[in-house]
Amino acid sequence: MPKIICINDYEGSRWELNADSGCTLMEVTVNNNVPGIVAECGGSCSCATCHVYVDDLWLGKLEEATQEEKDLIEFLDAARSNSRLSCQILLTDELDGLTLHIPESQE
Ligand code: FES
């Protein structure tokens, strides 16, 4: 059961969430009411309202983003090199401790 750490740097908030392997990162944050993760499309990779910044230490441990995900991120004003769509990140036990930051524009 991986633990996920969400940080809102702008408000100084931090959440430690217990996740089930096989869930997406978006599902875990939405189910725990983390502000800023809206997920309007329900995880079908078409809205980008589940945008997060993945801590640099964890980026290389994730599956590479699909072209579809990259295309959506490209249109975000707040996109950075560590941007990902949380609905496209499948959680595994190896991701225990995964740390993400909530973009300011989604507060
Ligand atoms: S929930 Fe819509 S793109 Fe992730």
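Glu16 is partly exposed, with a relative accessible area of 46%, and Lys3, likewise partly exposed, has a relative accessible area of 34%. In this predicted model, the side chains of these two residues, Glu16 and Lys3, meet in a salt bridge with an N to O distance of 3.4 Å. Because Glu16 belongs to strand β2 (residues 13–18) and Lys3 to strand β1 (residues 3–8), the pair ties together parts that are 13 residues apart in sequence.

Glu16 also forms a salt bridge with Arg14, where the closest N and O atoms are 2.8 Å apart. Elsewhere in the chain, Glu69 forms a salt bridge with Arg84, the closest N and O atoms being 2.7 Å apart. Glu69 lies in helix α3 (residues 67–74) whereas Arg84 lies in strand β4 (residues 83–85), so this pair ties together parts that are 15 residues apart in sequence. Both Glu69 and Arg84 are buried, which means that each has under 20% relative accessible area. Through salt bridges that share partners, Lys3, Arg14 and Glu16 are joined into one network.

The structure holds 4 salt bridges, among them the pairs in the following table.

| Salt bridge | N to O distance |
|---|---|
| Glu16 and Lys3 | 3.4 Å |
| Glu16 and Arg14 | 2.8 Å |
| Glu69 and Arg84 | 2.7 Å |

Definitions and conventions
Residues are numbered from 1 along each chain as its sequence is written. This is a predicted model: local features need pLDDT of at least 70, side-chain atom pairs count only at pLDDT 80 or more; totals for chains, interfaces and linings use all residues. Side-chain values use heavy atoms; hydrogens and water are left out. Helices (H or I, at least four residues) and strands (E, at least two) are DSSP runs, numbered from the N terminus. Buried means under 20% relative accessible area, exposed over 50%, partly exposed in between (1.4 Å probe, protein chains only).
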